[in-house]
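Hello,

Here is the structure I promised to pass on, with some notes on what turned up in it. Have a look at it first, and then read on with the viewer open.

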Amino acid sequence: MDDQKNIKPDFSKAGEDSILYKKEKPKTEKEKLKELHGKDKVWYLVHYYGLQTMVALAIIGIISFLIIHYITQKDTALEIMAVNAMQSADNPAGDSGYYNDFLKENGLDPDKSEVLVSSNLGASANENDGASAESIQMIQSRFMTQSVDVFFSDYDFFYSLGEFDYFTDIRECFPKDVLEKYKDDIVYVKSTETGKKYPIGIKLKGNAWVEKTGWYPDTCVVGLAAGLKNKDLAVKFIDENILED
């Protein structure tokens, strides 16, 4: 209908060039904005520019996040997993900063490298326990993606996981004198591939470091994941911080 209002009717006596029949030129957004005042102007800005502004802010936010993430991202020096560990708000071992001195002692800058800790997963060695199935899948996926170096858990779960060849043979990691010292506390498992027994972990009883963390009230087992990425640092961590002189 708006397109018809400037058409000259046959009975009109006004000339063709009358202002009545001149089509209005479309106004630019700036011109429209100049004609508005007060709340109308604010509403127009929100209505017309709101979506564009939100999209622009979202893009700026994403770019800023990626830049900050890239600048502040640290290299993972070591990944520790503790399954069925007791949780406590004042437990220092769950915080990456707890391991800064260890990193410094081994020539790593805590501002550029960090120790990642996962201690909030619980799982049962009972294969019929459906409640822990999801946790077990998560743990297995971490092993398969080489996202575990040092592993702690109670004996039953450690042994059940070891039956699937998720741990490395500790004879390939620790010197003979260490293995001899802890010979009565070594955990063996039979390989599913060779059928032969091999040592996968060391049972820690009354261990000072374990008691300090509060993760396990009595006994736990520590071992190294098969295919771990940071073998030398993982062995040093266990030897220097956990195994007592």
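The structure, which is a predicted model, holds 14 aromatic pairs. Rings of Phe, Tyr and Trp (its six-membered ring) pair here if their centres lie within 6.5 Å; planes under 30 degrees apart count as stacked, over 60 as edge-to-face and the rest as tilted. One of the pairs is Y99 with F237: the ring centres are 5.9 Å apart and the planes stand at 55°, so this pair is tilted. Y99 lies in the loop between β1 and α3, while F237 is in helix α8, so the pair ties together parts that are 138 residues apart in sequence. Helices (H or I, at least four residues) and strands (E, at least two) are DSSP runs, numbered from the N terminus. Y99 counts as buried at 2% relative accessibility, and F237 is buried too, with a relative accessible area of 1%. Buried means under 20% relative accessible area, exposed over 50%, and partly exposed in between (1.4 Å probe, protein chains only).

Another tilted pair is F151 with F167, at 5.4 Å centre to centre and 50° between the planes. F151 belongs to strand β3 and F167 to the loop between α5 and α6 (176-181), so this pair ties together parts that are 16 residues apart in sequence. Both F151 and F167 are buried. Ring pairs also link Y98, Y99, F102, F152, W209, W215 and F237 into a cluster. A charge meets a ring as well: the charged end of K203 sits over the ring of Y155, 4.9 Å from its centre. For that, NZ of Lys or CZ of Arg has to be within 6 Å of the ring centre and within 35 degrees of the ring normal.

A word on how to read all this. Residues are numbered from 1 along each chain as its sequence is written, and side-chain values use heavy atoms, with hydrogens and water left out. As the model is predicted, local features need pLDDT of at least 70 and side-chain atom pairs count only at pLDDT 80 or more, whereas totals for chains, interfaces and linings use all residues.

Now the overall fold. The protein has eight helices and six strands, and along the sequence they follow the pattern α-α-β-α-β-α-β-α-α-β-β-α-β-α. The six strands form an open sheet in the order β2-β1-β3-β6-β5-β4, with mixed pairing. Its edge strands are β2 (113-121) and β4, each pairing on one side only; two strands pair if DSSP finds at least two bridges between them. On average, neighbouring strands of the sheet are turned by 25° against each other, direction ignored. β1 and β2 run parallel and are joined by seven bridges; T76, for example, has E114 in β2 as its bridge partner.

Which strands does α5 touch as it packs on the sheet? They are β1, β3, β4, β5 and β6, and the direction of α5 makes about 130° with that of β3. Contact means heavy atoms within 4.5 Å, and axes are lines fitted to C-alpha atoms, for helices over the stretch in contact, with angles from 0 to 180 degrees between N-to-C directions. The buried residues of α5 (155-162) are F157, F158, S160, L161 and G162. Their cover includes α4 (133-144) and β4 (186-190).

α8 lies across β1, β3, β5 and β6, at about 150° to β6. In α8, L233, A234, V235, F237, I238 and I242 are buried, and what covers them includes α3 and α7 (208-213).

A few single residues deserve a look. E79 in strand β1 is buried, with a relative accessible area of 10%. Among the residues that E79 touches, leaving aside those up to four places away in sequence, are R142, Q146 and K229. Q146 itself lies in the loop between α4 and β3, has a positive phi near 55° although it is not a glycine, and is partly exposed at 37%. N84, in the loop between β1 and α3, also has a positive phi, near 60°, and counts as partly exposed at 27% relative accessibility.

Finally, 35% of the 245 residues count as buried.

Best wishes
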